[in-house]
Amino acid sequence: MLTKAAKPLVKLVDRYLPDPYIFVLLLTLVVLISAVVAEQKTPLEVINYWGDGFWALLSFSMQMLLVLVAGFMLASSPPIKKLLDGIAGLAKSAPQAIILVTLVSLAASWINWGFGLVVGALFAKALARKVRVDYRLLVASAYSGFVVWHGGLAGSIPLTIATAGHFSESQIGIIPTSETIFASFNLLLVLILFVVMPLVNRFMLPEEKDSIYVDPKALEDGGADDKAAQLTANTIRPADKLENSRLLGWSVGGAGLVYLGYYFAAQGGSLNLNLVNFLFLFLAIVLHQTPRSLLLSLNEAIKGGAGIVIQFPFYAGIMAVMVQSGLAQSISEGFVAIASAESLPFWSFISAGIVNIFVPSGGGQWAVQAPIMLPAAQALGADVARVAMAVAWGDAWTNLIQPFWALPVLAIAGLKARDIMGFCLMQLLITGVIISIALSWF
């Protein structure tokens, strides 16, 4: 049934969804015009918001580029390739591959969103080297696990309101994670998605005549290790010996891993995007053994980062216009105006999903919506923790169709957004119903 239902969506998206760069250009024009028309701002004011905010995500852009590059380098090291291939060998058929990659992605994303994005994409490639399966759906299934991230251990909104000194503390106090991440309604929702998502993806598996397969040889990571071995055999200059020094790679890589061990064991540190990148990078340095092997892998990895480099500044500009012009606030206020105490979590979820298309940042979105949603929750007598989680789930929900977050996955997998977004649209519709019910009734 889902195969037939997904088929027209896949065809529709394949025909009409432009490249993510075109999408962000169109989105920019829509937001600029909407700010002038809906918020009564002058064109010059709106352009100024856009220009001032254009470079606001430079730090985050570098983090995302490192997610892609460090993850690729780690996966291309011989031990990790062997490990991924070994786990991928558990799948003996296309349905098993789809279910397995979905479960792995869900688990990794629940731990940390950056970890989930990279692990899911890399594991999908490993599975495609082992099993004959529709590659588009395989990668879409790997990306689908991302939907649980904001209800997981690294959810930025629940962690923000659980931290002393957050910007809404005077209004709502500190809300512990026992009332958000580890609340019964949230854990039950996560559990349901762990059961439903693998089945949804499995039953979207296209028929043989409609499937698109990939040559396993095309998924090899550039043969960096073979090239390194060939170059190592011809070391003449002292510089060559340094580039092929295992001692140098192991010393620096080992120092990074010692720091991580101390950070987690002695300081009780938590996993965040910088720590994920640090872990991936220094594991890659150790496992590649020589600097030359790592650099050859880097040359392959960096080719996929173009989309991140060019598109993220445009999203930063869009976010600035949405916030500074009042557009994001107006969208949230429109939904709050028709809400009751019982329905506010649902409308918070829907409004957050819409705002997320234009403001694809969990922390940034909470800064926009919290001043509207929190007073509404208090005035209506709604559960503040549940409303906050509704915004968190809305942010995670529409990431399924937001190319902003799919870029690292697509770069690693070697696909275009239109290749997976038809399947993601079906995932969006089904998860939207499940999350709405959970937030309203559980």
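The model is a predicted one, in which local features need pLDDT of at least 70 and side-chain atom pairs count only at pLDDT 80 or more, while totals for chains, interfaces and linings use all residues. Residues are numbered from 1 along each chain as its sequence is written, and side-chain values use heavy atoms, with hydrogens and water left out.

**Stop one: helix α14**

Select residues 246-265, which make up helix α14; helices here are DSSP runs of H or I with at least four residues, numbered from the N terminus. Now colour G249, G253, G256, L260 and Y263, which are buried, where buried means under 20% relative accessible area, exposed over 50% and partly exposed in between, with a 1.4 Å probe and protein chains only. Looking down the axis of α14, you will find these buried residues within an arc of 70°, so they line one face of the helix; the arc is that of the directions from the helix axis to the C-beta atoms. An α-helix has 3.6 residues a turn, so residues three or four places apart point the same way. On the other side of α14, select L247, V258 and A265, which are exposed. At the start of the helix, a side-chain oxygen of S245 comes to within 3.4 Å of the backbone nitrogen of L247.

**Stop two: a nonpolar surface patch**

Next select L188, L191, V195, L199, F203, V433, I437, W441 and F442, a nonpolar patch on the surface with about 890 Å² of accessible area together. Such a patch joins nonpolar side chains (Val, Leu, Ile, Met, Phe, Trp, Tyr) within 5 Å, from residues with over 30% relative accessible area and no salt bridge, and the areas come from the Shrake-Rupley method with a 1.4 Å probe. Helices α11 (184-203) and α23 (417-441) each supply at least two of its residues, and the largest share, five residues, comes from α11. V433 sits in α23 and is partly exposed, at a relative accessible area of 48%.

**Stop three: salt bridges**

The structure holds five salt bridges, each defined as a side-chain nitrogen of Lys or Arg within 4 Å of a carboxyl oxygen of Asp or Glu. Begin with D85 and R129, whose side chains meet at 3.4 Å, N to O. D85 lies in helix α5 (residues 78-88) and R129 in the loop between α7 (113-128) and α8 (135-144), so this pair ties together parts that are 44 residues apart in sequence. R129 counts as buried, at 17% relative accessibility.

Move on to E208 and R132, whose closest N and O atoms are 3.2 Å apart. This pair links distant parts of the chain, with E208 in the loop between α11 and α12 (224-232) and R132 in the loop between α7 and α8, 76 residues apart; both E208 and R132 are exposed. Then select E207 and K209, a salt bridge with its closest N and O atoms 3.8 Å apart. E207 is partly exposed at 41% relative accessibility, whereas K209 is exposed at 62%.

Notes: The expected span of a helix is 1.5 Å times one less than its number of residues. A polar contact is a pair of N or O atoms within 3.5 Å; within protein, one must be able to donate a hydrogen and the other to accept it, and residues adjacent in sequence count only if both atoms are side-chain atoms. Patches are made of residues with over 30% relative accessible area and no salt bridge: like charges are joined within 9 Å, nonpolar side chains (Val, Leu, Ile, Met, Phe, Trp, Tyr) within 5 Å.
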